[in-house]
Amino acid sequence: MICDIILSMQAIKFENVAFQYNGNEETEAVSVLNDFSIEIEEGEFVAVLGANGSGKSTFAKLVNGLLEPKAGKISVLGMDISDKKNLFEIRKNVGMVFQNPDNQQIASIVEDDVAFGPENIGCEREEIGRRIDYALHVTDTEQFRHSQVSRLSGGQKQRVAIAGALALKPKIMIFDESTSMLDPKGRREIMAVAKSLNKENGMTVINITHYMDEAVEADKIVIISGGKALKVGTPEEIFSDREFLQKVGLELPRPTIIAERLKSLGLPLNGLILTKEALDDSLCKLLQKT
């Protein structure tokens, strides 16, 4: 009974998972994940970091059942992903938003695009309407309901892609470098939606990103390197270990870099500064003292 309660609190669990992309006559097989283990609790906001080719996107596709592990065990919301009977339910509960929103576009009109998922799982017409309303409201895209997707900006298209995933009413949302093709304004819009889904809707959110400034918004950070979840910790724990970050080829957040440079020039800034807001606040306090 206790084990069942613990399992129900875990959104995702990887146990000693291994995965490799098979080779062919021209290429060799490539091992991506090896003895990969991690636990993500329901309702957490998790950032996943790692160098290019470290296996971040492979991890996401394994969660959604788009790929099958070569070894180890994966459970999602308590369901064993190796059991084919669970795949439909798992994919219904794990929404994914990829880098390029154009690759996720199904229909030319926003409303029709968002309706595709619920229609595909057999929802009644009235329920489809309710899900469209919900998804457009949460992503603040109601004003684009009757617009052509192709005429929207990159950030707007990505929000529509999120709406399409939300219309399935998933319990887990994975953003797979979803802001990498966007300008700063578009990135802020997507991160605002991600934080709202987590904090206001209680959804488990996984943000796979190469932007350190996004990673600091998470409850915890997972560093993937050498095929393993090499380190897991809070943003403070991860970004306070500069030597480790250099070892795995990652940088500090930009506000942290600026704060460190100001400290080297003699400004008495205290503690680890991770966000623009924290840096602004520290500088304002210094100005008030002068």
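Analyst: Buried means under 20% relative accessible area, exposed over 50%, and partly exposed in between (1.4 Å probe, protein chains only). This is a predicted model, where local features need pLDDT of at least 70, side-chain atom pairs count only at pLDDT 80 or more, and totals for chains, interfaces and linings use all residues. Residues are numbered from 1 along each chain as its sequence is written, and side-chain values use heavy atoms, with hydrogens and water left out.

Now the rings. Searching the whole structure gives four aromatic pairs. Rings of Phe, Tyr and Trp (its six-membered ring) pair if their centres lie within 6.5 Å; planes under 30 degrees apart are stacked, over 60 edge-to-face, the rest tilted.

Start with Phe14 and Phe59. Their ring centres are 5.1 Å apart and their planes meet at 50 degrees, so the pair is tilted. This pair links distant parts of the chain. Phe14 is in strand 1 (residues 10-21) and Phe59 in helix 2 (residues 56-63), 45 residues apart. Helices (H or I, at least four residues) and strands (E, at least two) are DSSP runs, numbered from the N terminus. Both Phe14 and Phe59 are buried.

Phe59 also pairs with Phe36. That pair is tilted too, with 5.7 Å centre to centre and 45 degrees between the planes. Phe36 belongs to strand 2 (residues 30-41), 23 residues from Phe59. Phe36 is buried, as is Phe59.
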